[in-house]
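I opened this model to look up a few contacts, cores and backbone angles. My entries follow in the order in which I made them.

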Amino acid sequence: MSCTVRIASPLQSYTAGAARVDGRGDTLAEVLGDLEQRFPGIRFRMIDEQGRIRPHMRLFVNTDEARDLTAAVHGGDTVHVICALSGG
Amino acid sequence: MTLSALERARYQRHLSLQEIGAAGQEKLKAARVVIVGAGGLGSPAALYLAAAGCGTLGLVDFDRVDVSNLQRQVLFDTAALEQMKAEAGRARLAALNPEIRVVSHALELKAANVRALLADYDLVVDGSDRLSTRYLVNDACVLLGRPLVSAAIHRFEGQVMTYVPGRGPCYRCLFPQASDGMVANCAEAGVLGVLPGVLGTLQATEAIKLITGVGTPLTGRLLTYDALELRFNEFRVERRRDCAVCGDAPTITEPRDREAPSASAAPDGVRRLTPQALRALLAAGATAPPLIDVRERWEYDTGHLPGAVNIPMSELPQRIAEIPRASQPVFICRSGGRSMRACTMALKSGVATPANLEGGLLGWAADVDPTLPVA
């Protein structure tokens, strides 16, 4: 399934500055694997060596938080990658 | 707390609102709000809360007004350069509304003082510019039972969330752990000047709603704002039962100064080099490692270490192969955040034991060579 992925500002260095990219996959794991193919290194910024979502990152499918990578992604969904921001 | 004739005239537009009226305005007059960080977010939040008649406003900031602040920190004018922000802000707010009391706290919030300071206020607005302060303030608010309106910004993007004790998740439920250095700050990444104006006024809006009891607060919801697309998004966030501070079995029972370094902040295999340690390495001559400066080109051009190669972070994924796998490179940036991310990326790409210059070139300038110009 194809979806839209909205990339947090601090990770846009991986996507050549793009805030929104297309993604493919039926689960969050597949979508992130697809992103990694095209934007090497981006998955490691979100997911640690144990496959857990890093504690300063949050992933949402549409408006709902995904606590792990098994979350289903349907065609037309938007995956939001949210990062803790420090600026004030 | 009744309103004087002068106050009734000043707040007439609020009094005309049925939802606020005299009762709501009196609540505002009785309210004590503290703003942590008199910066991009704190400026508009403070101005609007002062104008709205918030009776006691505290301003916490230990920095001085720098000329680079004036692009967004609208609490200050050019005449305030070099003044303490807390004091310059107090004077500006007092001029805006002499009916209120403004308290300046020109100090750095620490575990040792945060509880006592926040305890004097009913509500906290966090516009600080570092993650360690965000967690310190969040934890203190949870422990004290104070509502907190927290916001943060980066480049063209912002986020805001409200915590009300017993009514939803706290900031640590949203992001259980993060360390400064994992995310570039405004100085490194830049920020659209008007961006904190949007987020800071949202914080003031939330504060006024909580004080007067009108509307629906932004609890259990994270609101994000993308200025380039002019788009707001809202996400449901739930309280974590395993939250370290507001969860069912909290492990944080007192505010603490700093997050323990996490594995993700300093992955195994990354060496940490102090400026002095790097100087010693470079003095070794023939065995000196390659230096990779990951700042933007214009920063590099302002000043860099001799022999440093410039590969900006934005180009690193594509150019990582230029770095020999066994060369044990040293990654360098302005303050050590971007270069730590570069180390992580290099590790992932098979570069053996990359090193990070801790404190970046600012640290180098402070400890080794004060003549180095650092953009």
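I started at A:R24. Leaving out residues up to four places away in sequence, I found that A:R24 touches A:M1, A:S2, A:V31 and A:D34; contact here requires C-beta atoms, placed from the backbone, within 7 Å. The C-alpha atoms of A:R24 and A:M1 are separated by 5.5 Å, with the two residues 23 apart along the chain. I placed A:R24 in strand 2 (residues 20-24) of chain A; strands (E, at least two residues) and helices (H or I, at least four) are DSSP runs numbered from the N terminus. A:R24 counts as partly exposed because it has 17 C-beta neighbours inside 10 Å. On this scale, 20 or more other C-beta atoms within 10 Å is buried, 12 or fewer is exposed, and in between is partly exposed, with C-beta atoms placed from the backbone.

A note on the source: this is a predicted model, in which local features need pLDDT of at least 70 and side-chain atom pairs count only at pLDDT 80 or more, while totals for chains, interfaces and linings use all residues. Residues are numbered from 1 along each chain as its sequence is written, and chains are lettered from A and ligands numbered from 1 in the order in which they are written.

Next I checked positive phi values. A:A16, not a glycine, has a phi of about 55°, and I found A:A16 in the loop between strand 1 (2-6) and strand 2 of chain A. A:A16 is exposed because 12 other C-beta atoms lie within 10 Å. B:E82 also has a positive phi, near 75°. B:E82 is in the loop between strand 2 (56-60) and helix 5 (85-96) of chain B, and counts as exposed with 9 C-beta neighbours inside 10 Å.

Then the cores, meaning sets of buried Ala, Val, Leu, Ile, Met, Phe, Trp, Tyr and Cys residues joined through C-beta atoms within 7 Å. The largest nonpolar core has 98 residues, and A:V81 is one of those that touch the most other members. Contacts of A:V81, beyond four places in sequence, include A:V5, A:I7, A:L11 and A:M46.

Last, I looked at where the chains meet. The contact takes 44 residues from chain B and 26 residues from chain A. Strand 8 of chain B gives the most to the side of chain B that touches chain A, with 4 residues.

Notes:
Two residues are in contact if their C-beta atoms, placed from the backbone, lie within 7 Å.
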